[in-house]
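User: I'm new to this one. Can you walk me through it?

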Amino acid sequence: MAKTGDRSRAVPGSALDLLHFALDRTSPVPLYYQLAQQLEAAIEQGALAPGNLLGNEIDLSTRLGLSRPTVRQAIQSLVDKGLLVRRRGVGTQVVHSQVKRPLELSSLYDDLEAAGQGPTTHVVRNEHVPATADVAAALGVPEGSEVTLLERLRATHGQPVAFLCNYLPPALLDLDTERLESTGLYRLLRSAGITLHSARQTIGARSATAEEADLLAEKEGAALLTMQRTAYDDTGRPVEYGTHIYRASRYAFDFQLLVRP
């Protein structure tokens, strides 16, 4: 049941036509924050899709019965998160939802595809290089021996999400660049008869360098999520070592914690 003072209304005339907003004017939670949370939920749930137009601030404030500064603050908070963009002469437009990936042994490509995110891949490097000490230790090969290096830029809806750097034993399988740009690495491993069994993974965070910011369409110093992973097949052999970076504005790890009995 709505509280006294709630204002609930369907918003006509834009991508918000079928949405229902409940803004509680008696709540201590600021109206701009209530609006931002409900808009973000609509984007995350797919009710507002990439490319949808929300109209300009004047239209939105009129339709929602809110002041223009309140609407502007709500929109700006989602612009800062990378969920909305303001386009001159067009209005406010949905860009994308944040990618929330389960914390399990899975391919980023498969997870994005399953979430309807339309992943695309650009292979930056696909070549043999000498193994550094870290890579050699992870893959169980001599330092300086030849390994395969893959560098790929992964995007959704035309916007970069992650830069993936992977090392593999060179004789593991033939990694064709064209195939790597049309599917995920783990899918190629499975198709070659390699059964992934387990992995050791470390997650961290740091600021983007100038080069990384340029690759990921972020500002230098923007927050990045980092991941290092060594994956093993069902014989216990290390088959892949990856060091990945993700835009924190567009990407999050999602996992469940259980209480140990």
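Analyst: First, a term: two strands pair if DSSP finds at least two bridges between them. Strands themselves are DSSP runs (E, at least two residues), numbered from the N terminus. This is a predicted model, in which local features need pLDDT of at least 70 and side-chain atom pairs count only at pLDDT 80 or more, while totals for chains, interfaces and linings use all residues. Residues are numbered from 1 along each chain as its sequence is written, and side-chain values use heavy atoms, with hydrogens and water left out.

User: Ok. How many bridges are there between strand 8 and strand 9?

Analyst: Strand 8 (residues 146–156) and strand 9 (residues 159–168) pair over 9 bridges, in the antiparallel sense. L153, for example, has F163 in strand 9 as its bridge partner.

User: What sheet has the order 7-8-9-12-11-10?

Analyst: An open sheet of 6 strands, with antiparallel pairing. Strand 7 (119–130) and strand 10 (196–207) are its edge strands, each pairing on one side only. From one strand to the next the twist averages 15 degrees, where axes are lines fitted to C-alpha atoms and angles run from 0 to 180 degrees between N-to-C directions.

User: And what does the order 3-5-4 describe?

Analyst: Another open sheet, of 3 strands, and the pairing is antiparallel. Its edges are strand 3 (53–55) and strand 4, which each pair on one side only. Here the twist averages 30 degrees from one strand to the next. Strand 4 and strand 5 are joined by 4 bridges in the antiparallel sense, and R87 has G91 in strand 5 as its bridge partner.

User: Switching topic. How many salt bridges does the structure hold?

Analyst: There are 5 (a side-chain nitrogen of Lys or Arg within 4 Å of a carboxyl oxygen of Asp or Glu). One of them joins E151 and R125, with the closest N and O atoms 3.6 Å apart. That pair links distant parts of the chain, as E151 is in strand 8 and R125 in strand 7, 26 residues apart.

User: How much space lies in the largest pocket?

Analyst: About 340 Å³. On a 1 Å grid over the protein atoms alone, a pocket is an open set of points where a 1.4 Å probe fits, with protein on both sides within 12 Å along at least five of seven lines. The volume is the space filled by probe spheres set on the points.

User: Which residues lie nearest its centre?

Analyst: V79, G82, L84, Q159 and R247, out of 17 lining residues (those with an atom within 4 Å of a point). Strand 4 (84–87) and strand 5 (91–94) are the elements that give two or more residues to this lining. The largest share, 3 residues, comes from strand 4.
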